[in-house]
Amino acid sequence: MDNKVFDVIVIGSGLGGIRCTQELLKDNLSVCMVTSKEFCSGASFYPGTWGLGMIGPKDDEDKNDLLENINRVGCNLSNPQLSSILVDNVNNEINFLLEQDIKLKESVDKDGVVPCFDSNKRRWFGFDFKSAKEVFSKILDNENITLMSSTKVIDICNEGNGSKGVLVENKDKSIDLIKAKSIVIASGGYTSLFKHNFSLELDSPIVQYLAYKVGCELINLEFVQFIPAYIKPMYKTIFNERVFKYITLRDKNKSNILGKIEDIDNIMDERSTYGPFTTRLKSSLVDKVLFQYYQLDKNSAYFEYPKDIESIDDTLIYNYFKWLNKFKKDTSNKIHIAPFAHACNGGLKIDKKACTTVDGIFACGEVTGGVHGADRIGGLSTCNALVFGAIAGRSASEYCKLNDFKDFNIKDNHSSESNHRVIGNSDDLNKFKKAILEIREVLYTEASILRSEKSINRAKDKMYKLKEDTSNINILYSNKSILDSYLNFSLIFLDAMLNQDKSIGCHCRTDC
Ligand SMILES: Cc1cc2nc3c(=O)[nH]c(=O)nc-3n(C[C@H](O)[C@H](O)[C@H](O)COP(=O)(O)OP(=O)(O)OC[C@H]3O[C@@H](n4cnc5c(N)ncnc54)[C@H](O)[C@@H]3O)c2cc1C
């Protein structure tokens, strides 16, 4: 790639990155979109689900009620200004998808759907990947966009106003520095830090940490949502919570692991109404016992679907089995499940204009924190990416009009040559790979859905030990960046869990 300079570098091509780029192109700005995968990727286009829900207020009168519910569910830890911008703008964003001829699924009930954790029906749509990809791909015809796919951001530079850059590792492992006046970060969450997760970003640095290093503040990191999914067979297949009330979770001796819990039928009924683990409800006991059993037996607890499950009159169960059958997923045997890291409510701190705490660096979507609080109403994460994607695009555009590009240089200790020179050292490469797996194992075991001061501190000690053990390893610069971000971000993340010394939303402290 030649040393072209852009107005804006957009990191990520999920809903946040794409929505932001649409706004930038409207203003004729030159955009370099860098994405570790292909165009239209990330959780926004997650291949292993039957569709992503999006919700909005039913009408203007419903806005206040939705906002109150966001605050209630978020345990008042969302930024009210950001949540109200979300509520005010979400319907326009959904309408804009429809205007572009993206085919959204509609709710069967004309009055809408009660989203997960919400208390009233809302406007609901299901995001359709196929038509969205077709429509969004049209932006690639614009001569002002340069798409760098299969390209990983491995560092971020901030040299002042109008002087930003990202260091990228290309598919062939060569390294480039891309320069621009400003950056929009839309790189999604950090669920890849946990052993069991749905992240598609398993070998990239934690971009939140790269941004933190140049001065961006972080917020609400402790709030990561976990949902149950299959351990085996069909690892990572999402479980549909609706079936909780029809199944029994058993240990290896076939005993009901929840057998000792009083009022279990009502608890399972409640657990059937929502996806992610939350401490706000009594039925959190189900996930806690499930996780505790996993700690004893890594095969995890299992259940068997009742024979007539597919004929139960429930749209969500019907759609779930339709999807499982389409992908020929065999559910006739024992299914083992455990909690999987699903989505992050915390991340880079932004203001109402999607500006991070560093001038000229903007962020949107799941990479940010504060739009949702300790828990999130279902269907608002995709909407967050759209609403704040558009805002980030407009803000970056405004910034570019006010700031000229100022050239800069960085120390050349990560050139393509140095990246290649160390490829042969397989012992160190193995050490690196083992360290990443260990970080995920430690965070899952000590600090996923059950956290205590002791377990968090044990996790911190292990991170320090890993830092020491890997301090001298000779690996690619890009792998160094991954390891450095995993270890240092984990320590910040663990401190956030330690500082939140009570159970709140999806953050469960067993010792307070
Ligand atoms: C299984 C599943 C089901 C979900 N269901 C729902 C739902 O029903 N409703 C809802 O509202 N939300 C749901 N979510 C959450 C929602 O999908 C995401 O929060 C949202 O789509 C995030 O959009 P985004 O644009 O911020 O990030 P993403 O869509 O995750 O995009 C991130 C982009 O950044 C790129 N990237 C990351 N790191 C780098 C790097 N270092 N260098 C270059 N590129 C990088 C990725 O390749 C990708 O293109 C679900 C998530 C999952 C995993």
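In the predicted model, the axes of helix 6 (residues 264-271) and helix 7 (residues 284-296) approach to within 8 Å and cross at roughly 95 degrees. The two helices, helix 6 and helix 7, are therefore roughly perpendicular to each other. On the side of helix 6, the contact involves Ile267, Met268 and Arg271, which meet Leu285, Val286 and Asp287 of helix 7.

At the level of domains, the protein chain is divided into three parts: domain 1 (5-222 + 345-402), domain 2 (225-342) and domain 3 (416-499). A distance of 30 Å separates the C-alpha centres of domain 1 and domain 2. Contact between these two domains is made by 21 residues of domain 1 and 24 residues of domain 2. The area buried between domain 1 and domain 2 amounts to about 2000 Å², of which 60% lies on carbon and sulfur atoms. Within domain 1, the residues that lose the most area to domain 2 are Trp50, His196 and Phe198, which together account for 41% of what that side buries. One salt bridge is found across the interface of domain 1 and domain 2.

Salt bridges were also examined over the model as a whole, where the count comes to 28. One of the pairs is formed by Lys37 and Glu201, whose side chains meet with an N to O distance of 3.7 Å. Lys37 is located in the loop between strand 2 (31-34) and strand 3 (52-56), while Glu201 is located in the loop between strand 9 (175-185) and helix 5 (207-213), so this pair ties together parts that are 164 residues apart in sequence. A further salt bridge joins Asp375 to Arg280, with the closest N and O atoms 2.8 Å apart.

Thr510 and Leu450 are 60 residues apart in sequence, yet their C-alpha atoms are 6.3 Å apart in space. When neighbours within four places in sequence are left aside, the residues in contact with Thr510 are Leu450, Arg451 and Ser452.

Two features of the backbone were noted in loops. The peptide bond from Lys232 to Pro233 is cis, with an omega near -15 degrees. Pro233 lies in the loop that connects strand 11 (224-232) with helix 6. Phe117, although not a glycine, has a positive phi of about 75 degrees. The position of Phe117 is in the loop between strand 4 (105-106) and strand 5 (123-127).

Key
Residues are numbered from 1 along each chain as its sequence is written. This is a predicted model: local features need pLDDT of at least 70, side-chain atom pairs count only at pLDDT 80 or more; totals for chains, interfaces and linings use all residues. Side-chain values use heavy atoms; hydrogens and water are left out. Axes are lines fitted to C-alpha atoms, for helices over the stretch in contact, and angles run from 0 to 180 degrees between N-to-C directions. Helices (H or I, at least four residues) and strands (E, at least two) are DSSP runs, numbered from the N terminus. Angles under 35 degrees count as roughly parallel, over 145 as roughly antiparallel, 65 to 115 as roughly perpendicular and the rest as oblique. Contact means heavy atoms within 4.5 Å. Domain bounds come from an automatic or database domain assignment. Buried area is the accessible area (1.4 Å probe) that two parts lose on being put together, summed over both. A salt bridge is a side-chain nitrogen of Lys or Arg within 4 Å of a carboxyl oxygen of Asp or Glu.
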